[in-house]
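Please look over the sequence and the three-dimensional structure shown here before reading on.

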Amino acid sequence: MQLPAGTQLVPLDSGDRLEEVLRFDAWAYPTGVAISDLLELAIPLPWGRAWGVENEAGELAAMYAAYTLASFPVPGAVVPGAWLTWVGVHPGYRRRGILRELIAHHFADCLSRGEAISGLNAAEAGIYGRFGYGMAATQVSLTIPRGASLRDVAGSAELLVELREWDAERDGAEIAALHAGYAAVPEGLGRPGWVTWETAGLRASADQDAPALREGLEVERLLVVRDTAGAPRGYARFRRKPGWKRNVPDGTVELRDVVALDAAAAHRIWSVLLDLDLMARVETGPLTTDDPILTLLVDARSAMPVTNDLEWVRILDLPRALAERRYAAPIDVVLEVTDALVPANAGRWRVAAEAYGHAEVTQTAEEPDLWLDIRELGAAHLGATSLAALAQAGLVRGDTQAIARAATAWSWPIAAGASWVF
């Protein structure tokens with residue numbers, strides 16, 4: 001590694017450094033929460049897979065970590081992967097090439113663990129493309145007026161509704177199971193990118209409802225819908241923010257996350273959320289771009305949808321990554337791939353697969369059908385970013401018919417996405 005003189009890379013493998021890490025992190029990501037309060041929280045930092053750059057005084061100048069995900073959903077499969085997180089460089093050490101060295105270390109670490117892909121949520125969208133990450137899944141956020149009309153769904157009225165304060169000990173396991181189960185819906189297809197709380201640290205962080213995280217709002221609330229046999233079919237977690245305008249209720253339901261295993265459950269959940277007393281609107285967190293509420297709303301325009309980037313994917317082991325996922329149509333194509341940071345990925349690769357099958361990926365000397373960078377291949381990896389759209393932007397080159405065939409094969413019927421930022 002080529003770190004600046006006087007600095008060195010060290011493992012962060014002990015919680016004894018938590019306060020130091022949090023103080024450093026507050027330089028990279030300003031926070032209004034006191035360090036003393038942060039120390040009381042369940043912090044999901046993956047000790048043992050976290051690394052810091054120390055200066056000569058032993059102080060942190062930069063750091064990164066990675067969550068080990070054994071079951072990351074890609075089209076038609078779940079695969080091992082890493083999720084890059086806690087990335088930061090102290091303002092006093094910027095513009096010295098430290099981030100590039102950390103990324104290179106992360107790539108090598110992933111490959112040594114047999115992880116063919118790395119993902120992340122980008123704090124700043126302009127940073128990670130230069131390291132070969134492609135924007136692979138978008139999110140949509142909504143502001144839905146209270147009382148918004150929904151289309152009817154058979155079976156919705158028969159579902160049972162429970163509303164109560166969130167209790168991690170009582171509710172955590174059931175909600176985590178519902179959330180994880182949604183990754184496989186619909187059966188036989190599943191939702192690419194639907195990352196769950198796989199590690200103990202992520203689960204503890206997701207379960208907590210500490211006052212320091214409420215920003216002055218009420219305790220977290222839980223809505224669960226069940227079938228007549230008592231089996232859970234969906235849930236929503238939310239807080240209410242009171243408000244008044246000239247004696248007219250103007251409260252906001254701040255929706256943390258929502259999961260419904262079928263259309264009836266989705267309709268029942270939203271029927272309740274859109275009819276809470278003294279509330280004027282529901283504001284959502286990240287939703288997938290095909291979330292049922294977008295179709296259930298009679299007037300989706302009134303929800304003022306806003307889209308943004310959500311998940312970025314970096315392919316680290318090209319032949320393995322392309323062989324691990326499935327393809328929505330038959331394909332036999334030769335790719336000419338460039339990769340400035342992982343030379344083993346560069347070159348010509350033949351990708352051949354049957355519809356909804358895995359691919360055989362081999363190096364070849366045949367003439368290429370498509371030319372693209374590893375960034376664009378990562379962007380298309382979850383099936384939500386079209387290779388044809390990238391071609392229209394000049395980022396993929398090739399014969400029109402070859403582009404069309406590849407775009408169809410790399411697509412997926414279910415939109416990629418997640419319900420939280422991590």
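The model is a predicted one, and the protein in it has eleven helices and 20 strands. Of its 422 residues, 52% count as buried.

**Overall form**

- The radius of gyration of the protein is 23 Å, which agrees with the value near 22 Å that a compact globule of 422 residues would have.
- Taken along the principal axes, the box filled by the C-alpha atoms of the protein is roughly 70 × 60 × 40 Å.
- When contacts between residues at least 6 apart in sequence are considered, 73% of them join residues that are at least 24 apart.

- Phe-131 sits in the loop that runs between β5 (117-120) and β6 (134-141).
- Phe-131 counts as buried because its relative accessibility is 2%, and buried here means under 20%.
- Leaving aside residues up to four places away in sequence, Phe-131 touches Leu-99, Arg-100, Ile-103, Phe-107, Arg-314 and Leu-341.
- Although Phe-131 and Ile-374 are 243 residues apart along the chain, their C-alpha atoms are separated by 9.5 Å.

**The second largest pocket**

- Rolling a probe the size of a water molecule over the atoms shows where empty space is left.
- The second largest pocket holds about 320 Å³ of space, and its lining is made up of 23 residues.
- Among these lining residues, Tyr-182, Arg-191, Ala-260, Asp-291 and Pro-292 are the ones that lie nearest the centre of the pocket.
- At least two residues of the lining come from each of β13 (251-260), α6 (263-273) and α7 (292-296).
- By type, the lining of the second largest pocket consists of 17 nonpolar, two polar and four charged residues.

**Salt bridges**

- Side chains of opposite charge can pair when their charged atoms come close.
- The structure holds 31 salt bridges, and one of them is formed by the side chains of Arg-113 and Asp-109, at 3.0 Å from N to O.
- In that pair, Arg-113 is partly exposed, with a relative accessible area of 42%, whereas Asp-109 is buried, with a relative accessible area of 12%.
- Another salt bridge brings together the side chains of Asp-262 and Arg-233, at 2.9 Å from N to O. This pair links distant parts of the chain, since Asp-262 lies in the loop between β13 and α6 while Arg-233 belongs to strand β10 (residues 232-241), 29 residues apart.
- Asp-262 counts as partly exposed at 28% relative accessibility, and Arg-233 is also partly exposed, with a relative accessible area of 25%.
- The side chains of Arg-237 and Asp-257 meet in a salt bridge as well, at 3.0 Å from N to O. Here too the pair links distant parts of the chain, with Arg-237 in strand β10 and Asp-257 in strand β13, 20 residues apart, and both residues are buried.

Key
Residues numbered from 1 in each chain as written. Predicted model: local features only at pLDDT ≥ 70, side-chain atom pairs only at ≥ 80, totals over all residues. Heavy atoms only, no water. Helix = DSSP H or I, 4+ residues; strand = E, 2+ residues; numbered from the N terminus. Buried < 20%, exposed > 50% of the residue type's maximum accessible area, 1.4 Å probe, protein only. Contact = heavy atoms within 4.5 Å. 1 Å grid on protein atoms, 1.4 Å probe; cavity = no way out; pocket = protein on both sides within 12 Å on 5 of 7 lines; lining within 4 Å. Points joined across faces, edges and corners; volume = space filled by probe spheres on them. Nonpolar A, V, L, I, M, F, W, Y, C, P; charged D, E, K, R; others polar. Salt bridge = Lys/Arg side-chain N within 4 Å of Asp/Glu carboxyl O. Rg over C-alpha atoms; globule rule 2.2 N^0.38 Å.
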